[in-house]
Amino acid sequence: MKLCHSPTSPYARKVIVTAKELGLFDQIETFGADVSNRFVGINPATPLGKLPSLEVESGVVLFDSIVICEYMNGLTDSVDLFPGTGLDYAKMMTLHALANGMTEACFQRRFDSTAMPDGEGSPSWCARLKVSMENSLNELEARVSEFDGKLDIATIAIGCALGYHDLRFSFENWREGRPQLTAWYEEFSSRPSMTDTVPPEA
Ligand SMILES: N[C@@H](CCC(=O)N[C@@H](CS)C(=O)NCC(=O)O)C(=O)O
């Protein structure tokens, strides 16, 4: 399987952490994005131009990150990172959506303030994204008891979202006033799948 990724992408990190937790990472060959023109997309393998994408043996290209993770989860019986049915499953996927949405707000806010041509960024849009990030962090803090001690696609997404916050917004201390989430992250981020994939400063 061929994964298009970037070492700083929180979505690609989610896929790699998932592959490692499932014991599948050694079946994956990785290749980097084409960042020569960010405004035509950085991954020519998909029409959206985004990464990650995963090309499977048949040549089919899968995206986006949650689709790739769920596909990989179905390749092995050893661990189930998408457990549950009915409302339990929907609650876990909602938690995943919360973490992924926070990641999206971080990514867009950073893109708006660093990659847009001069004068084309939007301070009001960035302020709106900051509200999303803060509300998401507060919600996660309030719900730690729901996911503490679990390893599933929601906790992997939360770990990668917080790691990305540290990478791009370290000057905004999300740990302040959020002791439960801080303690949870400290433990979760010490898993080998997380320590192996810490993004480089870039
Ligand atoms: N919903 C997508 C989001 C993917 C995404 O936004 N990836 C970023 C990198 S972290 C990207 O490729 N951005 C380039 C662009 O938007 O042109 C997923 O979960 O895979």
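Buried area is taken here as the accessible area (1.4 Å probe) that two parts lose on being put together, summed over both. By this definition, domain 1 and domain 2 bury about 1,500 Å² between them. Carbon and sulfur atoms account for 67% of that area. The model is a predicted one: local features need pLDDT of at least 70, side-chain atom pairs count only at pLDDT 80 or more, and totals for chains, interfaces and linings use all residues. Residues are numbered from 1 along each chain as its sequence is written, and side-chain values use heavy atoms, with hydrogens and water left out.

The chain is assigned two domains, domain 1 (2–73) and domain 2 (86–192). These bounds come from an automatic or database domain assignment. The C-alpha centres of the two domains lie 20 Å apart. Contact (heavy atoms within 4.5 Å) involves 13 residues of domain 1 and 21 residues of domain 2.

One salt bridge crosses the interface of domain 1 and domain 2. The criterion is a side-chain nitrogen of Lys or Arg within 4 Å of a carboxyl oxygen of Asp or Glu. R191 also forms a salt bridge with E21, with the closest N and O atoms 2.8 Å apart.

On the side of domain 1 that touches domain 2, the elements giving two or more residues are α1 (10–22) and α2 (65–73). Helix α1 provides the largest share, seven residues. By class, this side of domain 1 has six nonpolar, two polar and five charged residues. Ala, Val, Leu, Ile, Met, Phe, Trp, Tyr, Cys and Pro count as nonpolar, Asp, Glu, Lys and Arg as charged, and the others, Gly among them, as polar. Helices (H or I, at least four residues) and strands (E, at least two) are DSSP runs, numbered from the N terminus.

Four strands form an open sheet of mixed pairing, in the order β2-β1-β3-β4. Two strands pair if DSSP finds at least two bridges between them. The edge strands, β2 (29–32) and β4 (61–62), each pair on one side only. Strands β1 (residues 2–5) and β2 run parallel and are joined by four bridges. H5 has G32 in β2 as its bridge partner.

Seven salt bridges are found in the structure. In one, the side chains of E172 and R109 meet at 2.5 Å, N to O. E172 lies in the loop between α6 (153–168) and α7 (179–188) and R109 in helix α3 (residues 86–114), so the pair ties together parts 63 residues apart in sequence.

Cis peptide bonds were also examined. One joins L51 and P52, with omega about 10 degrees. P52 is in the loop between β2 and β3 (53–55). Another joins F63 and D64, with omega about 0 degrees. D64 is in the loop between β4 and α2.
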